[in-house]
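Subject: Structure handover

Hi,

Here's the structure I promised to pass on. Have a look at it first, then read my notes below.

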Amino acid sequence: MRITGGTLKGRIIKCPDGVIRPAMDRMRESVFSILGDLSGKSWLDLFSGSGTIAIEAASRGATHIELCEKDKIKVNTVLENVSVTESECNVKIQCHFMPVEYFIKRCKTSFDYIFFDPPFPYRFHEQLVHDCDKNGLLNPTGTILVHRPAEHFMPDTIGKLKRTDKRIYGRSVVDFYQYK
C-alpha cells in the first residue's frame, strides 16, 4: 500500500499479517481530495488495519490523530508504520488496541473527522455512527465517513446526523455524515 498525497506521498506502508482489506488507493485519494487540506484538524481512524488512513491524514496535515484496531496480530506493524510517520510528519498518532465498540464508549475526545472501515461482513455501521453521535465523538462541524460494501444499507439520517455525500468505488461506498 502507498500513501496517495501530502508530505508522505508515494511512501509504501507495511501490510500486517492476518485478515486485511486495505482501502483502495483510488478510494483513499478521492476521499482525501474531497476533504481537502486537513491542517490543524483532528482525525479518528476506526478499524485501522495497517494504520494507512491515519497515516494518510497525517501526511495531509492533520495534527491530532488517533486510531483503533482490535486485531493483536496487527499491533507491531501498526506501531512500525506509525513510528515512521510520526518522525517524518512531526505529529503524534495515538494508538488504541481494543474493539472499536468499546473504544467509542470510553472515548472522551471529539474529532473533526471519524473514518470507519470495518471488515465487509460487519453489520453494525449505523449503530456505530449513532454511538459516536450519542457519546460526543464528533465535533459540531465534523464529518463521519463510513466505508462499506454497496449491499449494506445506510439511512440518510442517523440521530442528529444527515448523509451529505455518498461516493461509490466499485463494490464499496463511502458515506459522509454531518450534523443537520
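A salt bridge here is a side-chain nitrogen of Lys or Arg within 4 Å of a carboxyl oxygen of Asp or Glu. Keep in mind that this is a predicted model. By that rule, the count comes to 11 salt bridges.

One of them pairs Arg 171 with Glu 151, with the closest N and O atoms 3.0 Å apart. Arg 171 sits in the loop between strand 7 and strand 8, and Glu 151 in the loop between strand 5 and strand 6, so the pair ties together parts 20 residues apart in sequence. Both of these residues are exposed.

Now try Arg 163, which is buried at 15% relative accessible area. Asp 156 forms a salt bridge with Arg 163, at 2.5 Å between the closest N and O atoms. Asp 175 meets Arg 163 in a salt bridge too, at 2.8 Å. Through shared partners, Arg 148, Asp 156, Arg 163 and Asp 175 join into one network.

On to the nonpolar side of things. The largest nonpolar core has 30 residues, and those with the most contacts inside it include Val 31, Trp 43 and Leu 145. Helix 2 gives the most to this core, with 5 residues. A second, separate core has 24 residues, among them Phe 116 and Tyr 122.

And disulfides? The count is 0. For instance, the sulfur of Cys 132 is 8.3 Å from the closest cysteine sulfur, in Cys 107, which is too far for a bond.

Cheers

Key:
Residues numbered from 1 in each chain as written. Predicted model: local features only at pLDDT ≥ 70, side-chain atom pairs only at ≥ 80, totals over all residues. Heavy atoms only, no water. Disulfide = S-S within 2.5 Å. Core = buried A, V, L, I, M, F, W, Y, C linked by side-chain atoms within 4.5 Å. Buried < 20%, exposed > 50% of the residue type's maximum accessible area, 1.4 Å probe, protein only. Helix = DSSP H or I, 4+ residues; strand = E, 2+ residues; numbered from the N terminus.
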